[in-house]
Amino acid sequence: MLRTLLCGAAMGAAMVLGLAAAPQAAQAANERFVLISHAPDSDSWWNTIKTAIREAGQQVGATVDYQNPSTGDLADMARILQQATASKPAGIIITIADFDVLKGPITDAVKKGIPVITINSGTAEQSKELGALMHIGQPEYDAGKGAGEKAKAAGVTKFVCVNHYITNPASVERCQGFADALGVPLGNQMIDSGMDPGEVQTKVSAYLRANPDTNGILTLGPNSAEPTIAVLQANKQAGKVFFATFDLSAAIAAGIKDGTVTFAIDQQPYLQGYLPVVLLANYVRYGVIPSNNINSGPGFITKDNIALVEKLAGEYR
């Protein structure tokens, strides 16, 4: 339905422009857009974004290149952005993984006349300051706080936030929002787990042994959630600890169904990839774009609605 509406909007714009719109659209066909993420190659969550930009590009008749720093190094991400800008694409889609590191390269792209839409990481305020057209994503602090409010209602008093990408400020915002909702300091309740599954398991196990009164867990995506699920199952704690996670995967969906995971916070990554491609195409061709930012999340996936989304996990959800 969303795709139909968006395509309908594009057709409507062409009709408003009259007969002159057709040649303009023909001249603008086959644009090249670049989406640059902060994610390392090992982060499978971004597969949904890749699906989205492929399908959006096919629908609007544009080419969309996905680029990322292979190890997640943000200085490398900045260099990738500079190279993309030099190649003069029709538009750039980028995450604000670190405002200070990316401020220069993003504003440089804008100054050179390349339209930019920011997605995923960062805030609407940062996006505006950088000169981007808009931001599409999930307010990370608010999402963490929303999860924390549910945890507080469930009686959580002490938690651990398993942060697998601690160099990304947005990840800390998630943990901080969760702590603030509970009314407790974040402090050492956030651990830098890294992304290696074995390392995550080791660090989570060690934390739970050292802090046996922990009755709540927050993970920030499949990279930290899936090893944590394994820890709880090995310790026979599955279903006995409040466990919320960001994002979705097949293993997380299974954890929701069997009671190991209380809920998943869904930021709808498909929209973060799909919408900017469609919106940039309309902007480049017709000069039209929504005047507001778009919140793609948060939504909450529980046992009550997991059946609707689990078969799409990892591809569209």
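## Buried or exposed

Let's start with a definition: a residue counts as buried under 20% relative accessible area, as exposed over 50%, and as partly exposed in between, using a 1.4 Å probe and protein chains only. By that rule, D247 is buried, since its relative accessible area is 6%. K88, by contrast, is exposed, at 70%.

Before we go on, two notes on what you are looking at. This is a predicted model, in which local features need pLDDT of at least 70 and side-chain atom pairs count only at pLDDT 80 or more, while totals for chains, interfaces and linings use all residues. Residues are numbered from 1 along each chain as its sequence is written, and side-chain values use heavy atoms, with hydrogens and water left out.

Helices and strands get their labels here from DSSP runs (H or I, at least four residues, for helices; E, at least two, for strands), numbered from the N terminus. D247 lies in the loop between β9 (242-246) and α11 (250-258). It isn't a glycine, yet D247 has a positive phi of about 70°.

Where is the cis peptide bond? Look between G297 and P298. Omega there is about 10°, and P298 is in the loop that runs between β11 (294-295) and β12 (299-301).

## Two nonpolar cores

A nonpolar core is a set of buried Ala, Val, Leu, Ile, Met, Phe, Trp, Tyr and Cys residues joined through side-chain atoms within 4.5 Å. The largest one has 27 residues, and those touching the most other members are F33, L35, I53, I117, I136, Y274 and V277. Elements giving two or more residues to this core are β1 (32-36), α3 (47-60), β2 (63-67), β4 (116-120), β5 (134-137) and α12 (269-286). The biggest giver is α12, with 9 residues.

Zoom in on I136 for a moment. Contact means heavy atoms within 4.5 Å. Beyond its neighbours within four places in sequence, I136 has contacts that include I117, I119, L271, L275, L279 and I294. There is also a second, separate core, this one of 24 residues, with V160, I191, L208 and I306 among them.

Two packed helices are described by the angle between their axes and the distance between the axes. The axes are lines fitted to C-alpha atoms, for helices over the stretch in contact, and angles run from 0 to 180 degrees between N-to-C directions. Angles under 35 degrees count as roughly parallel, over 145 as roughly antiparallel, 65 to 115 as roughly perpendicular and the rest as oblique.

For α4 and α5, the angle is about 5° and the axes are 9 Å apart, which means α4 is roughly parallel to α5. On the α4 side, the contact residues include L74, A75 and A78, and on the α5 side they include V101 and L102. By class there are 10 nonpolar, 2 polar and 1 charged residues in this contact; Ala, Val, Leu, Ile, Met, Phe, Trp, Tyr, Cys and Pro count as nonpolar, Asp, Glu, Lys and Arg as charged, and the others, Gly among them, as polar.

V101 sits in α5 (residues 99-111) and is partly exposed, at 34% relative accessibility. Leaving out residues up to four places away in sequence, V101 touches L74, A75 and A78. V101 and L74 are 27 residues apart along the chain, but their C-alpha atoms are separated by 7.2 Å.

The axes of α9 (residues 197-210) and α10 (residues 222-234) come within 8 Å and cross at roughly 55°, so α9 is oblique to α10. Among the contact residues are V200 and L208 of α9 and S224 and V231 of α10. They divide into 8 nonpolar, 5 polar and no charged. S224 in α10 is buried, with a relative accessible area of 0%. Not counting residues up to four places away in sequence, S224 touches V162, H164, S193, V200 and T219.

Helices α7 (residues 140-153) and α8 (residues 169-182) pack at about 35°, with axes 6 Å apart, and α7 also passes α8 in a right-handed crossing. Here the contact has 7 nonpolar, 4 polar and 7 charged residues.

Key. Left-handed = near helix turned anticlockwise from the far one by under 90°.
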